[in-house]
Amino acid sequence: MFARTMARDYEGALEALTMMPDSTQDARPPALGVPDKLLAELQIRWFMGDDERAKTLLKEARSILQKRIADGSQHDTRALLGEAKLAATEGDSPETQRLIRRWYREGAWDVPERVQFTDQVCQTLAAAGAAEAADQCLRTAFEEPSDAMPFLEPYLPFYDGIREEPEFVELFAGLEAAGA
């Protein structure tokens, strides 16, 4: 499903999503505070421009996330990332950036968490249209251990909205020149 989404085969991604298990039956909480399947469909619908379905999914995701926060998880830094993804989907760049800064203050000190989620942080900033912040995030991610891969990351659809921004053009040119 992820590979199809990243290849912009959104119909194929939705088809693959039907085979994904429903994580509401899991005993463990979802990584970002929102069930993975719900978050994946929201992302796919957003990429597709299916605003009507995305709004419905966004409302459901917010409801689930608010319950998690109400249950005492407000210091759950991964829920902050989930909330940032929802803010980016809503087009709220300032809120997305605020939540990401908070994640860096409260959770990024945990090296395994930073390594595991930095790529998603950069993608979320880009999806929110925060070109300068996404550029800085990527530059840092490519220098430190992270799941952000310089040979793949800039080609992902998260960056489509900032692809023509000077910061991203410069970063991309530098990566191509370096053979990444």
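Me: In this predicted model, at what angle do helix α6 and helix α7 pack?
Reply: Helix α6 covers residues 93-106, and helix α7 covers residues 111-127. Their axes lie 11 Å apart. The packing angle is about 170°.

Me: Are α6 and α7 roughly parallel or roughly antiparallel to each other?
Reply: Angles over 145 degrees count as roughly antiparallel. The angle here is about 170°. So α6 and α7 are roughly antiparallel.

Me: How do the residues of the contact of α6 with α7 divide into nonpolar, polar and charged?
Reply: From α6 come T96, Q97, I100, W103 and Y104. They meet E113, R114, F117, T118, V121, T124 and L125 in α7. The division is 6 nonpolar, 4 polar and 2 charged.

Me: Is C137 buried or exposed?
Reply: Buried means under 20% relative accessible area. C137 has a relative accessible area of 5%. C137 is therefore buried.

Me: Which residues is T5 in contact with, leaving aside its neighbours within four places in sequence?
Reply: T5 sits in helix α1, residues 2-6. Its relative accessible area is 2%, so T5 is buried. Its contacts are Y10, A13, I44, F47 and P157.

Notes
Residues are numbered from 1 along each chain as its sequence is written. This is a predicted model: local features need pLDDT of at least 70, side-chain atom pairs count only at pLDDT 80 or more; totals for chains, interfaces and linings use all residues. Side-chain values use heavy atoms; hydrogens and water are left out. Helices (H or I, at least four residues) and strands (E, at least two) are DSSP runs, numbered from the N terminus. Buried means under 20% relative accessible area, exposed over 50%, partly exposed in between (1.4 Å probe, protein chains only). Contact means heavy atoms within 4.5 Å. Axes are lines fitted to C-alpha atoms, for helices over the stretch in contact, and angles run from 0 to 180 degrees between N-to-C directions. Angles under 35 degrees count as roughly parallel, over 145 as roughly antiparallel, 65 to 115 as roughly perpendicular and the rest as oblique. Ala, Val, Leu, Ile, Met, Phe, Trp, Tyr, Cys and Pro count as nonpolar, Asp, Glu, Lys and Arg as charged, and the others, Gly among them, as polar.
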